[in-house]
Amino acid sequence: MAKLSVAVLGSGNIGTDLMYKLRRSTLLELKMVAGIDPASEGLALARKLGFETCTDGIEGILRNGKIRMVFDATSAKAHLAHAPRLKAAGIFAVDLTPAAVGPGVIPVVNLEQYSAESNVNLVSCGAQATVPIVAAINKISPVQYAETVSTIASLSAGPGTRRNIDEFTRTTARSVREIGGAKQSKSIIVLNPADPPIIMRNTVYAVVELPVDEKRIRDSVMAVAEKIKSYVPGYTVTVEPFLDGDHITTCIEVTGAGDYLAPYAGNLDIITAAAVNVAERYAGIISKERMATNG
Amino acid sequence: MAKLTVVDVTLRDGNHTVRQQFTPELMSRVAAALDAAGVAIIEVGHGDGTGGSSIHVGRTAAPNDQLIKAVVSSIKKAKASIFLIPGFGTMDDLQQCYDLGVTVARVACHCTEADTTEQHIQLARSLDMLAVGYLISFGMTSVQRIVEEAKKMESYGAQYINLADSQGYLVPHQVREYVTAVLNAVKIPVGFHAHNNLGCSIGNSLAAIEAGAAYVDGSLKGFGGGAGNAQTETLVAALKTGGFETDVDLFGILDAADILVEEIKKQPSLANVPMPTVDNDSILMGYACVYGGYIQPVKRAAQEYGCDPRELVLRLGARKVVAAQEDVVIEEARRLAGKA
C-alpha cells in the first residue's frame, strides 16, 4: 500500500517531535516540514534528516500540491487562518493547537465517530491522558462527576500554555464531559519546577453510582490503558482504580518516548503520539476509499 | 514608618485545619468580629483558594458563592479578599467573586510560575480590585529567582507582592534577605505570610516588617495549613509591643478569636477538630519543606494505610511536591504500606 503524503506545519518542539515519530510510520510519509523561521533548530534538523523544508509556512505546503494531510503544530491563532485554506485544498488537518476548529478526538474513545471530518483537534495533553479513563469507568457505572488533575514539569509547559492556563482547564474539563461521558467535571493543572523534572502524572477521580463492581471497573480501565500503551508505551497506571468513599481514584504516569522531547515531557509526547495514531487510522480510511473509487 | 495592613486569612487558610468545613454561618460571625476589630482585609474561601473545592484537595462545606456572600454581607469597613491559583481557579471564578462584592484578588502561584498569573492579575486590575501577586512557598527557590518572579508580577499590574512561607520552612534572617531583595527590585509594597511549623511565625513576620514589609497575614488561633499561620491576636499584641502601628484593636481581635472557637464548638462536624499545633508531623513538614495544606491529607493517609506519617512527610519532601499535589500523598502512603 502506498504511504499517504503528509506535512508538519510548525517547526517548534511539537513539530520536531512529530517529525521523529513520522519517520517510523509505515502508513504515512513525511514530505515536508514547514516553518517560518529560517534559523529554527527544527528546520535544520529536518534538512539534516533529508526532508524538504520551507520557510513560508502553509504557502509551501499548498505549493507542493501532493500533500494530503497536515499536522498543525503552530498556534491557535495561526490554525484559525490555516483551517479554511487546508479545507479548500482538500487537505486533512490534524490540529495540535487549542484552536478546536474541528471536533476533539481521543484515539481510543471516539475516533470512529468523526471519520467524515476534514479537521480534527487533539484537545489537550491532560484530556489525552485522562478522558479514556473516565470513559472506561463510565462504561461500567455512569460517572456523575469526574475530576482530573494533571501535574507536569514546568519546563514542559510552553509560554502559550502558561499564559492561557484557563484554556487548558476549560477544554480538558469540557472533553471529560463531552467525550468521557461524565455529567459534571472539573480539571486542574499543577506545574512543578523540580529539578530533575518530574514525569507527567494524572489523577482521575470519578464519582459513580453506588454500589459499584470495583473489579469490573478495574478491568475496564486496565484494558483501555493497554490500548493507549500501544501508541504511548510510557503510559502507566501507578495506582489502579480503587473505591474511596463515593469515588474511584486512579493515578497515571506518562513517560515520553524521548524522540525529540525529553522523556519527562510525557504531556507533549502523548499528544504527538495521539496525533500520529489518529493520522494513521485516517490514512487507513482514506486508502480504503481510494480503492473503492478505483473499483 | 507607615501603618501596617493586617490581612486575616482565618476564613481561607484556616479552612485547611478543618478539612474545608467552615460554614457560611461561622464565616459570617467571624468576619463581622474581624471587621469590628479593625482588620483591613479579610480573606475567604477554600484553603487552596477560589476554585479549590474538589475531591483532590477537599470539598468546601458550602459553594464558594455562599461563603463569599456570608463574608461580604457581614463587613462594614473591611475589604473581602479571595485567593486564587490559576490552574485551579479561573477568570470566570474571579469575575463571579467580584460580582459578589470581593474587592481584593490575591492571585497566587508556586514561586517560580509567575507567568501563569498574568491574565488574572490584569483582569483584577481592570475590575479596579486591589490586585496582589502572591508567591507560594518562596523558600523553595533562590532569592534571585524570587526577585525575577516578583518583577514579572509587577509588570502584569500587581499592586503588592505577597511572599508566602507556605511550609513554615524559613527562619528570620532568611525572611529578611528575601523581603529586602524584593523591595529593592520593585516599586510596589511587599507583604508576608507565615506558617508556624518551626515556631517562627511571629518572629518571621516581625523580621519581614523590619525589612520593610507593609502587609502582614495572620490567622485567628493560628488556624491554617501545617502548624498554622501567625496567630493574628499574638501578632497584633507583638506589633503593639514592638511599636509598629496598625488599625487593629487588641481586645477586638481577642474577641474575634473567642468567637471563632465558640462557633467551632457549635458545629457538630467541627467539635473534635484539634487546634493547629506544632506537633511532630508539622515540625517535619517545616523541616522537609512540605506545603502546609498537606497536613490533614498526611494524617488521614497515614492512619488509613497504616504507615509512619514522618516517613510519608520525608518522602513528599524528597519528591519536592508543590501546593496541590495531594494525590502524591495517597500514592506514597500506599507505596509505604506495600499496596502499590
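Domain 1 (5–269) and domain 2 (280–336) of chain B both contribute residues to the lining of the second largest cavity, so this cavity lies between them; the domain bounds come from an automatic or database domain assignment. The model is a predicted one, in which local features need pLDDT of at least 70 and side-chain atom pairs count only at pLDDT 80 or more, while totals for chains, interfaces and linings use all residues. Residues are numbered from 1 along each chain as its sequence is written, chains are lettered from A in the order in which they are written, and side-chain values use heavy atoms, with hydrogens and water left out.

A cavity is a set of points, on a 1 Å grid over the protein atoms alone, where a 1.4 Å probe fits but cannot get out; a pocket is an open set with protein on both sides within 12 Å along at least five of seven lines, and lining residues have an atom within 4 Å of a point. Grid points are joined across faces, edges and corners, and a volume is the space filled by probe spheres set on the points.

The second largest cavity has a volume of about 80 Å³. Among its 14 lining residues, Arg12(B), Asp13(B), Ser166(B), His195(B) and Tyr291(B) lie nearest the centre.

The largest cavity, with a volume of about 160 Å³, is lined by 15 residues, and those nearest its centre are Val190(A), Leu191(A), Ile85(B), Pro86(B) and His110(B).

Seven salt bridges are counted between the chains, each a side-chain nitrogen of Lys or Arg within 4 Å of a carboxyl oxygen of Asp or Glu. One of them joins Arg163(A) to Glu118(B), with the closest N and O atoms 3.2 Å apart.

The largest pocket holds about 920 Å³ of space. Of its 34 lining residues, Ile14(A), Leu96(A), Gly158(A), Thr161(A) and Leu268(A) are the closest to the centre. Domain 1 (4–122 + 272–293) and domain 2 (125–261) of chain A each supply at least three residues to this lining.
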